[in-house]
2 protein chains.
Amino acid sequence: MDRLTALQVFRHVAELNSFAEAGRRLGLSPPAISKNIAELEGHLGVRLINRTTRRMALTEEGRIYLEHVTQGLDALARADQVLGPIKTAPSGTLRVSAPMTVTLTRLSAGIPAFLSRYPDLKLDLHLDDRRVDIVREGFDLAIRGSDNLEDSSLVARKLAVMPHVLCAAPSYFEKHGRPKTPADLKAANCIRFSLSGHADIWEFRKDGRSERIAIEGRYSVSSSLAVRDALRAGFGVSLIPHPYVESDLKAGRLQSALDDWEKVETTLYAVYPARQHLAPKIRVFLDFLIEEFSRDKEKPFVPLRRERSARRSVGEGTEAENQTEILPSISSP
Amino acid sequence: MDRLTALQVFRHVAELNSFAEAGRRLGLSPPAISKNIAELEGHLGVRLINRTTRRMALTEEGRIYLEHVTQGLDALARADQVLGPIKTAPSGTLRVSAPMTVTLTRLSAGIPAFLSRYPDLKLDLHLDDRRVDIVREGFDLAIRGSDNLEDSSLVARKLAVMPHVLCAAPSYFEKHGRPKTPADLKAANCIRFSLSGHADIWEFRKDGRSERIAIEGRYSVSSSLAVRDALRAGFGVSLIPHPYVESDLKAGRLQSALDDWEKVETTLYAVYPARQHLAPKIRVFLDFLIEEFSRDKEKPFVPLRRERSARRSVGEGTEAENQTEILPSISSP
DNA sequence: GACATTGTTTACTGGTAGAGAATGGTGCGA
DNA sequence: TCGCACCATTCTCTACCAGTAAACAATGTC
């Protein structure tokens, strides 16, 4: 038996003083009302309502019970109501984890505007280049690079692709020569971003041919901004996401090399716990991210679907494959 | 879905921080836990718990919801607990309706002892000779005479049979003569108890022959005690329940007549709303009544079953007929 | 006094809650 | 580093139960 229904039936019957009326009000047939009350009484072992076919009245026990039940039901109803506004308007605290550099170069500036758009929203932004466990640490959303992406039940939304560029200061190239082939890098002073998945081996491609160079260098650092500073100082050469050095390249402070070779890309993802029942506060922040990262793109953002890891489903795994909404694994809408 | 179950599942999961552990605690399988949480979230349109297979944490909404839900569930649990003691020990207020005379002559004296046996019990005893609507007026129990008994869904428990006796004061018989046959009463000054079902026609039986006498008299009164007073004063003759005049007959203040004729009997019933889930306070009072009315009987009380009104049931009305426990109509265990 | 309303009972049925098996994911310990 | 054990989820199946409809009994009213 559904006890919550039974309690609501009891309450209505008690307040309306009629089985039939309660039935009409609740959209239930008279027998259903009878049975609910009878089962409730059976469960409690107490008669709650004295009734003839024409008259009914609560027993003393019924009155006592009603009092407490009413409190309980009201509290539960309030629980539902409290979630109402939260369900529609962004509010509460949004906990976000994001890598330092990309935030400072691409995001940070737009956040005040975002926050003033949603006055009820608080943002708790943790800048951290390590891969946080978003469930354990209670984050609503995290921004990850592709070399940092776990294969989990989380949802990953692609934000941007950051092509890398090989560059150094003009002064460095003058002194040590400009590399003509990837192999030339073996002799160069390569500055390494230690948190990158491809920190020690740089890969280049051309005409379907791939060159993997194990690089050498005296400086390894866990922030791309520090790498940039070292580049600007003419200390060495590095493979770095293009956006981080875009203004430097334009201004001539840095120069690129091996432009005819394809380099790695770092894809940025927004990672969050679930697609279903996405909280508005997460929804709007996600929209904000998508907008920010597609702002100065030549062509609008085109979503890509990341292939799901092979499913060894028992039955015929046909249609479910395409319903990305209910897939728990990584995918991009 | 049973929402109360879902809420309890949610609460356990939140407090134990584990789906599996909650399942073990509640005696449910892991899939059941998952489904309950998922359905609850679906119902609310809000994600309550972020979860991977190894880790789970409440969302902000989940924490807010849990708070209210806990309150609600606690209130409902309290409602059940409150009924616990009531269910076992007699307590609260017992509202009883009883006829004036029988109470004063047979019951009244024993009530203080009854009440001191149950210290938590209050008794609200309404002495009223009319037939009250016990459901409408909120009585827990009523004592009724057989000529007052409705054919309702109430339960009637036989308490005692009160044979009537035709009697008057010796002085009356001296002055007006002692009736030898029922027909002699036509000339007598008959005192009538107006609330009796047989106030105007007195019936006598002998050898299977029945005599119905339409009686005449100058005094009609709605209390048997007043009838007795008039008898004592030698004002007339009356047909009155034997117990009311027992001491008068013994002491010689009144004398009986037509002793070889059978007279009406008034059967006393205790009437109460239902046999199922009989409240202890009613149970003990019923026991008290049975004990009081069988106190000075020569042979112990033998329950009689009153025939149920004919049932035009569709199917073969076979066994249900004997299960008196579930019969709603009048019956005596 | 016939009728209408109300609560209850009975028999039936559609929906659903829970179990079991299989899968994918994760952390711990050897 | 690699199993191993555990965990949440999905899918499928089944048994049960809640609700309905129809019939009935009781009761008050026009």
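# Briefing on a predicted two-chain model

Arg51(B) is partly exposed, its relative accessible area being 21%. That residue belongs to a predicted model, in which chain B can be superposed on chain A by a rotation of 180 degrees with 0.0 Å of shift along the axis, at an RMSD of 0.2 Å. This is the relation of a two-fold axis. Within chain B, the C-alpha nearest that axis belongs to Gly72(B), at 2.0 Å.

**Chain A as a whole**

- Chain A contains 10 helices and 14 strands.
- Of its 333 residues, 47% count as buried.
- The accessible surface of chain A comes to about 16,700 Å², and carbon and sulfur atoms account for 49% of that area.
- Among contacts in chain A with a separation of 6 or more, 74% are between residues 24 or more positions apart.

**Where the chains meet**

- The copies meet through the same surface, because 98% of the interface residues of chain B are also interface residues in chain A.
- Gln71(B) lies in helix α4 of chain B, which covers residues 60-88.
- Leaving aside residues up to four places away in sequence, Gln71(B) touches Ala75(A) and Arg78(A).
- Gln71(B) is partly exposed, at a relative accessible area of 42%; the value falls between the 20% limit for buried and the 50% limit for exposed.

**The three-stranded sheets**

- In chain B, 3 strands form an open sheet in the order β9-β8-β13, with antiparallel pairing.
- Strands β9 (209-214) and β13 (262-263) of chain B stand at the edges with a single partner strand each, so one side of each has no neighbour in the sheet.
- Strand β8 of chain B, residues 201-206, pairs with β13(B) in the antiparallel sense over 2 bridges.
- Arg205(B) stands opposite Glu262(B), a residue of β13(B).
- Chain A likewise has an open sheet of 3 strands in the order β9-β8-β13, and the pairing there is antiparallel.
- The edge strands of that sheet are β9 (209-214) and β13 (262-263) of chain A, each pairing on one side only.
- In chain A, strand β8 (residues 201-206) pairs with β9(A) in the antiparallel sense over 6 bridges, and Lys206(A) stands opposite Arg209(A) in β9(A).

**Helix α10 of chain B**

- Helix α10 of chain B spans residues 280-293, 14 residues in number.
- From its first C-alpha to its last, α10(B) reaches 20 Å, close to the 20 Å expected at 1.5 Å a residue.
- The helix is mostly covered, with 11 of its 14 residues buried.
- The buried residues of α10(B) include Phe285(B), Phe288(B) and Phe293(B), as well as Lys281(B) and Glu292(B).

**Salt bridges**

- Over all chains, the structure holds 35 salt bridges.
- Glu203(A) forms a salt bridge with Arg205(A), with the closest N and O atoms 3.6 Å apart.
- Both partners are partly exposed: Glu203(A) has a relative accessible area of 24%, and Arg205(A) has 39%.
- The side chains of Arg232(A) and Asp248(A) meet in a salt bridge at 2.5 Å, N to O.
- This pair links distant parts of the chain, 16 residues apart: Arg232(A) is in helix α8 (residues 224-232) and Asp248(A) in helix α9 (residues 242-251), both of chain A.
- Arg232(A) is partly exposed at 34% relative accessibility, whereas Asp248(A) is buried at 0%.
- In chain B, the side chains of Arg51(B) and Glu41(B) meet in a salt bridge at 3.2 Å, N to O.
- Arg51(B) lies in strand β1 (residues 49-51) and Glu41(B) in helix α3 (residues 30-44) of chain B, so the pair ties together parts that are 10 residues apart in sequence.
- Glu41(B) counts as buried, at 2% relative accessibility.
- Salt bridges that share partners join Glu60(A), Glu61(A), Asp140(B) and Lys281(B) into one network.

**Asp248 in chain B**

- Asp248(B) is found in helix α9 of chain B, residues 242-251.
- Its relative accessibility is 0%, so Asp248(B) counts as buried.
- Not counting residues up to four places away in sequence, Asp248(B) touches Arg228(B), Arg232(B), Arg253(B) and Leu254(B).

Definitions and conventions: Residues are numbered from 1 along each chain as its sequence is written. Chains are lettered from A and ligands numbered from 1 in the order in which they are written. This is a predicted model: local features need pLDDT of at least 70, side-chain atom pairs count only at pLDDT 80 or more; totals for chains, interfaces and linings use all residues. Side-chain values use heavy atoms; hydrogens and water are left out. Helices (H or I, at least four residues) and strands (E, at least two) are DSSP runs, numbered from the N terminus. Buried means under 20% relative accessible area, exposed over 50%, partly exposed in between (1.4 Å probe, protein chains only). Contact means heavy atoms within 4.5 Å. Two strands pair if DSSP finds at least two bridges between them. The expected span of a helix is 1.5 Å times one less than its number of residues. Copies are superposed by least squares on the C-alpha atoms of residues with pLDDT of at least 70 in both. Accessible areas come from the Shrake-Rupley method with a 1.4 Å probe; for residues, only the protein chains shown count as cover. A salt bridge is a side-chain nitrogen of Lys or Arg within 4 Å of a carboxyl oxygen of Asp or Glu.
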